[in-house]
Amino acid sequence: MFNMRSGKLSEAVQDLLASLMRSTKLRGLSVFADRRLWFLCSIIVLSNLSVSAFPSSAAAPSPVSEQAPVAPKALRLSVNDALRLFLSQNLDVLMAKYGIEYRKAQEITARLFPNPVLSVGTLSSTTQGRTLSNSGQLFTQASQLFELAGKRGYRIESAGFGTQSAEAAFEDAVRQLGFTVKDTYYRVQLAQRRLVLAEENRERFSRILDINTIRFKKGYIAEVDLIRIRLQMVDFHSQVLQALQEAESARGDLRQLLRLSPATALELTTELGFRRVDPDIEKLQTAALAMRPDIRAKRHTVSQLESELKLAMAYRIPDVTIGAGYAIQGPQGPDNPGQFALNAGIPLPLFNRNQGGIQQAEVSLQSAQADLDKTVNLVENEVEVAYRNLLQNRRLVEAYFGEVLEDARSTFTIAERAYERGGATILDLLDAARTSRTIQQNYIEALFTYQHHLFRLESAVGQEIMS
């Protein structure tokens, strides 16, 4: 085709003209003598010029709807951003909040008084010629139940403790799920670090494989050495794929906890690092017993059931119903045209004195107290175990901060250079590669495990540990 900017014929047209000239010369004719041939060439050139000057719709840029979709911008999240998003969007947290509102509704119900009762009736005599028309009476009465022995107060007290227990249960749900969010966040970072290490080893061995492939073709190394390098490459490639799968799985768990769309791309900004803490175990135990929301929830439950027991015992005393009414007779009534009535009713506690309700309340209180004692013992042991695990993993991480980690990196480089010079065998190189990979991977695992146990200790205590 003709290039409008350069003014030169395209290579395809030049090749066509050259072939035509050769064909005419073979027939013994000149190019100028064959007018038909030149007419054909002119048509071809002009058609190429028109195509170049006026491109067809097929060469035009594709419409916007047919272009490749632009990748969505990644959502950048620090670990604190993830926690804030979790508190505002996680469905389990929202359901725990609904539990608080449910308990507050019970408080409203506990404060309400019983509704009065309005009753309307008629009276009539059917003897001595009396009928409804000449001796009828309309009787209206309103009655109100009055609770005695402080029953309403005990209900209000019980409902208040129930609300406090629900609030503490909400805090406990945030405590447990918050640990899951932070642990999942750093699980993504762990997979990313594994992926970087695996890709680094794969690229490094890819160069070694390329070099040794050339050396094998020249006869410098044996085929079995080349096969060993290929197998190691396959191993590193499988590690890359495994790290990718782990990272994607962890991101899926994090998106689910944060209630994000599966199409949301996440970019985590808080790195997996080391922050040394040296807490006091006695202070941790004291803080856990005072701050753990599940212990507070169990204590509020015990207090609620104590109020329930008081309420059950108060039901032994019957309540009083007081009523007042007015009766109206017809115009032919034999008696007074209007009558007032005042009455009071009280059940006689001869049989039912709420014996079963009192016993049930006592058993429920004993069970709640045992549950509280069990939770306290569980928390004390959980704090102790988390503290010991943190100290052990801290020693392991600090052991890598010496020359061990740097030696692991340099060992592979030294073995690679020695192998290139012929001072080491392929087995020495592979062993150095595996040792370097194992040490670096163990360091990454130790970092994550330390962070995991730090979060576990914070969750066991119920508050963040700063030092």
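Here are some notes on the predicted model, point by point.

1. **Ground rules.** This is a predicted model, so local features need pLDDT of at least 70 and side-chain atom pairs count only at pLDDT 80 or more, while totals for chains, interfaces and linings use all residues. Residues are numbered from 1 along each chain as its sequence is written, and side-chain values use heavy atoms, with hydrogens and water left out.

2. **Overall make-up.** The protein has 12 helices and 6 strands; these are DSSP runs numbered from the N terminus, with helices being H or I of at least four residues and strands E of at least two. Of its 467 residues, 35% count as buried. Here buried means under 20% relative accessible area, exposed means over 50%, and partly exposed is in between, with a 1.4 Å probe and protein chains only. Taking contacts (heavy atoms within 4.5 Å) with a separation of 6 or more, 80% come from residues 24 or more positions apart.

3. **Helix 3.** Have a look at residues 79-89: Val-79, Ala-82, Leu-85 and Phe-86 of helix 3 are buried. They cover an arc of only 120° around the axis, which puts them on the same side of helix 3; the arc is that of the directions from the helix axis to the C-beta atoms. As for partners, the buried residues of helix 3 pack against strand 1 (75-77), helix 4 (91-111), helix 6 (151-217) and helix 7 (223-258).

4. **Salt bridges in general.** Side chains of opposite charge can pair when their charged atoms come close. The rule used is a side-chain nitrogen of Lys or Arg within 4 Å of a carboxyl oxygen of Asp or Glu, and the count comes to 23 salt bridges. There is also a network of them linking Asp-172, Arg-175, Arg-292, Asp-294 and Glu-382.

5. **Helix 6 to helix 7.** Glu-246 and Arg-194 form a salt bridge, with the closest N and O atoms 2.6 Å apart. The pair links distant parts of the chain, with Glu-246 in helix 7 and Arg-194 in helix 6, 52 residues apart. Glu-246 is partly exposed, at a relative accessible area of 27%.

6. **Helix 6 to helix 11.** Arg-204 makes a salt bridge with Glu-416, and the closest N and O atoms are 3.0 Å apart. Arg-204 lies in helix 6 and Glu-416 in helix 11 (residues 404-421), so the pair ties together parts that are 212 residues apart in sequence. Arg-204 counts as buried at 14% relative accessibility, and Glu-416 counts as buried at 14%.

7. **A loop to helix 10.** The salt bridge between Asp-278 and Arg-394 has its closest N and O atoms 3.5 Å apart. Asp-278 sits in the loop between strand 4 (266-268) and helix 8 (281-291), whereas Arg-394 is in helix 10 (residues 355-400), 116 residues apart. Arg-394 is buried, with a relative accessible area of 9%.

8. **Arg-437.** This residue is found in helix 12 (residues 426-461) and is buried, with a relative accessible area of 13%. Leaving out residues up to four places away in sequence, Arg-437 touches Leu-197, Asn-201, Gln-232, Asp-235, Phe-236 and Gln-239.

9. **Glu-267.** In strand 4, Glu-267 counts as partly exposed at 34% relative accessibility. Its C-alpha atom is separated by 5.9 Å from that of Ala-74, 193 residues apart along the chain. Not counting residues up to four places away, Glu-267 touches Ala-74, Leu-75, Arg-76 and Leu-77. Its side chain also makes a polar contact with the side chain of Arg-76 at 2.7 Å. That term means a pair of N or O atoms within 3.5 Å; within protein, one must be able to donate a hydrogen and the other to accept it, and residues adjacent in sequence count only if both atoms are side-chain atoms.

10. **The cavity.** A search of the whole structure finds 1 cavity of 30 Å³ or more, and about 50 Å³ of space lies in the largest cavity. A cavity is a set of points, on a 1 Å grid over the protein atoms alone, where a 1.4 Å probe fits but cannot get out; lining residues have an atom within 4 Å of a point. Grid points are joined across faces, edges and corners, and the volume is the space filled by probe spheres set on the points. Among the lining residues are Arg-215, Glu-416 and Tyr-419. Helix 6 gives the most to the lining, with 4 residues.

Definitions and conventions. 1 Å grid on protein atoms, 1.4 Å probe; cavity = no way out; pocket = protein on both sides within 12 Å on 5 of 7 lines; lining within 4 Å.
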